[in-house]
Amino acid sequence: MTAALRFDPIRLPEKCEQLRKEVRAFLAEEIAAGTFDPHKPNREDTDVPEFSRKVGARGWLGMTWPKKYGGQERSFLERYVVTEEMRVANAPTRRFFVADRQSGPVLLKYAPEHIKMDILPRICRGEICFAIGMSEPNSGSDLFAAKTRATKTDGGYLINGTKIWTSSAHIADYMIAIFRTSPPTKENRRHGLTQFLVKMKQPGIKVNPIGQITGQYEFNEVVFTDFFVPDDHVLGEVDGAWKQATSELAYERSGPERFLETYYVLTELVRAVGPDPDTRSAEGIGRLVAQLHTMRRMSVSVAGMLQAGKEPVVEASIVKDIGTVWEQQLPHRVRDLAAFVEETATNRETLERQLDFAIKTAPKLTIQGGTTEVLRGIIARGLGLR
Amino acid sequence: MAESDNIVVETAEKIFADLADPQTINNDKKGSWQAPLWRALSEAGLPLSWVPDDLGGSGASLADGFALLNAAGRFAVAVPLAETMLAGWLLAQARIASPEGEMTVLPASPRDRITVDADGALSGRCRGVPFAKAAKHFALLAHARDGVSIALVDASKARTESGLNVGYDHSDTVTLDKVQPVTIKAAPKGLDQTAMMLMGGVARSLQIAGALESMLDISVRYSNERVAFEKKISKFQAVQHNLARLAGESAAALAAATSAADAIANAKSFDDAVYLEAAAAKIRCAEAAEKGGGIAHQVHGAIGFTIEHILHRYSLRALAWRDDFGSESYWAVELGKLVASRGADELWPLVASR
């Protein structure tokens with residue numbers, strides 16, 4: 001049983017290190033040019049279209065996809081390196097991140113050829129933004145409770161209902177969403193959901209921003225009223241989306257973005273304590289670095305499994321569980337240690353400002369991408385308990 | 001149990017399964033299982049896995065030896081297998097042949113020091129030395145005026161005071177008072193006390209990870225058998241979530257330990273990358289021993305707290321192994337100092353270098 005929970009010590013191949021240098025150099029240039037400020041994770045506007053296009057021009061979007069769709073046919077591990085460098089630099093990835101990580105792979109797998117030819121190259125160029133419509137009011141993590149209906153009509157479907165907590169819906173050009181095409185069956189409550197490609201910014205869709213406790217506006221309520229989706233925008237099997245959606249989640253759960261969201265406070269703490277820390281600070285930093293290193297090793301290992309064509313659903317859930325709990329606790333542990341930072345530390349104000357924001361961010365981390373409780377249920381199933 | 005794909009581990013697992021069944025050992029208060037187990041391990045050449053053929057060992061690779069230690073952890077083996085392996089490895093670094101029989105390695109704490117006098121005699125006091133009472137020889141690292149030396153010492157020449165660790169295994173205090181070694185040679189460049197502690201720490205990390213794998217197995221099994229409130233306790237969501245956390249701790253420990261072992265096996269020296277990996281593994285595995293062991297006991301309820309049940313063979317030993325070759329607090333301070341001295345902007349490059 002535990003044989004299934006081995007995380008082999010995958011090493012990133014040499015070409016990843018060359019790529020890492022290129023990404024770092026690119027980010028340093030963009031920072032120097034004022035495109036974004038790495039010390040402001042709470043910047044007002046994380047949607048920077050020209051940054052997306054530059055990343056696309058470098059060939060760092062859709063990296064693993066076939067060349068005929070604008071991809072680079074590079075490895076999943078190379079993509080991993082780009083993701084972690086962007087995350088650590090607090091780069092404004094909002095516009096392209098979801099499309100690159102999740103929506104593109106779904107289209108590759110399930111969209112008809114003409115749609116792939118139309119949309120995937122535009123994702124690769126960093127021109128378009130995607131949102132994911134899974135949660136609904138009163139469903140949330142319970143994906144199979146979704147009620148928003150797709151009713152068959154001439155040449156397509158009419159959508160009625162509401163999606164919620166939809167990140168980036170206010171700037172998105174497309175959404176990949178699941179809608180109810182049939183009621184669940186007695187035998188299978190997962191039955192009856194279908195995945196659709198939705199073109200946003202059309203009549204029949206209303207996007208209402210929802211404010212967050214951080215002061216930002218990232219997610220939205222999306223209301224569909226008799227919104228028409230053509231037949232060729234059905235992705236995969238009608239009534240069978242649950243199979244598709246769950247394998248998609250392995251990509252969403254184990255990446256470096258699942259333990260690096262509050263990483264910046266650790267960097268600033270190290271800066272603030274200086275080269276010769278007291279014992280308490282040294283011990284605190286050492287533990288946090290050991291935990292970070294371990295999670296990253298696990299995450300890289302899952303990336304290796306994905307590269308090998310496996311579907312490490314349980315392993316990815318473990319990485320997400322441990323990773324998000326860690327990044328949630330990190331600002332609080334850093335705050336404990338920051339109490340002893342000298343008044344004269346050069347970055348004291350930056351540290352305090354970042355801590356303030358990270359502490360406000362922390363509560364969402366164990367919720368987004370699947371709540372901790374749901375993930376632990378998946379792990380328990382993998383252990384043979386359910 | 002994890003399936004092994006290497007012959008060293010397969011051999012060891014067969015011996016452990018035949019002669020180190022935890023329930024049998026737990027019922028045997030006289031320790032009569034120890035001699036046959038040690039004999040079988042020795043006949044298979046496992047205690048001297050890391051010693052080359054020409055120095056009396058079986059010349060297994062570092063990687064195979066590390067996998068063997070992980071398997072030993074899964075069986076919570078309470079004979080000085082890891083200790084003899086480490087001792088043989090240390091002696092081999094100075095091309096000193098390994099004698100037969102049980103060995104252990106000194107010092108076992110980064111704070112203890114053995115020094116070499118002008119006449120070549122060794123002096124020093126080492127606390128918490130695992131299985132010193134059982135050892136016929138000590139392999140040790142000593143500080144001489146002109147550098148570090150590796151020595152083989154007849155255990156009967158030292159004064160050994162018995163102690164027990166949290167897991168009821170021998171953890172003794174060894175005092176050397178002008179003891180003449182059997183052999184002493186200069187250590188190769190880069191093989192210093194820190195390197196020895198990192199090597200020992202990774203051995204312990206693999207053992208802890210193995211013990212956690214077994215704790216997860218037996219806890220899952222128990223939860224599927226034990227009925228309370230008219231259902232199997234595995235059906236209670238709270239229990240499932242605890243076991244999911246235990247799986248996470250077990251996986252984290254194994255990932256950290258195997259990554260560190262892989263780093264040592266593939267590095268030319270005990271460089272910065274090995275330092276990060278080995279120190280991090282010891283810290284994270286020790287934390288996992290505390291959290292994971294706590295959950296395993298919680299799942300088992302009162303029965304797991306009894307001396308008759310085998311759980312303590314894993315849980316207490318995993319807790320005890322935290323202390324050898326530098327505790328997690330020690331390594332956290334050292335790693336924190338290293339990170340701070342490099343500066344904030346070097347932290348991510350260091351982590352990402354692995």
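Predicted model: local features only at pLDDT ≥ 70, side-chain atom pairs only at ≥ 80, totals over all residues.
Let me start with Arg348(A), which is buried, with a relative accessible area of 18%. The cut-off for buried is under 20% relative accessible area, so Arg348(A) at 18% falls on the buried side. Arg348(A) forms a salt bridge with Glu343(A), and the closest N and O atoms are 3.9 Å apart. Glu343(A), in contrast, is exposed, at 64% relative accessible area. One more item on salt bridges here: those that share partners join Glu17(A), Arg20(A), Arg24(A), Glu84(A), Glu85(A) and Arg296(A) into one network.

How many salt bridges does a search of the whole structure find? Over all chains, the number is 48. I will take two further examples from chain A.

In one of them, the side chains of Lys54(A) and Glu30(A) meet, with N to O at 2.9 Å. Lys54(A) lies in helix H2, residues 49–57, and Glu30(A) lies in helix H1, residues 14–32, so this pair ties together parts that are 24 residues apart in sequence. Is Glu30(A) buried or exposed? Glu30(A) counts as buried, at 6% relative accessibility. Lys54(A) is partly exposed, at 34%.

In the other example, Arg287(A) and Glu283(A) meet in a salt bridge at 2.8 Å, N to O. Both residues sit in helix H8 of chain A, residues 279–307, and they are four residues apart, about one turn of the helix. Glu283(A) is partly exposed, with a relative accessible area of 23%.

Next, the surface. Arg381(A), Arg386(A), Lys232(B) and Lys235(B) form a positive patch. Among them, Lys232(B) is placed in strand E10 of chain B, residues 231–232, and is partly exposed at 39% relative accessible area.

There is also a nonpolar patch on the surface, made of Leu164(B), Tyr168(B) and Ile307(B), with about 340 Å² of accessible area together. Where does Ile307(B) lie? Ile307(B) is in the loop between helix H8 (272–300) and helix H9 (311–321) of chain B. At 44% relative accessibility, Ile307(B) counts as partly exposed.

Last, the domain records for chain B. An unreviewed UniProt entry lists residues 6–92 as "Acyl-CoA dehydrogenase/oxidase N-terminal". That span is 62% helix and 0% strand, and its end C-alpha atoms lie 23 Å apart. For residues 202–320, the unreviewed entry in UniProt gives "Acyl-CoA dehydrogenase/oxidase C-terminal". Here the span is 76% helix and 3% strand, with the end C-alpha atoms 15 Å apart.

Technical notes
Residues numbered from 1 in each chain as written. Chains lettered and ligands numbered in written order. Heavy atoms only, no water. Patch = residues over 30% accessible without salt bridge, like charges linked within 9 Å, V, L, I, M, F, W, Y side chains within 5 Å. Areas by Shrake-Rupley, 256 points an atom, 1.4 Å probe, with all protein chains shown as cover. Salt bridge = Lys/Arg side-chain N within 4 Å of Asp/Glu carboxyl O. Lys, Arg positive; Asp, Glu negative; His and termini not counted. Charge placed at Lys NZ, Arg CZ, Asp CG, Glu CD. Helix = DSSP H or I, 4+ residues; strand = E, 2+ residues; numbered from the N terminus. Buried < 20%, exposed > 50% of the residue type's maximum accessible area, 1.4 Å probe, protein only. UniProt positions renumbered as here; feature names shortened; annotations may be inferred.
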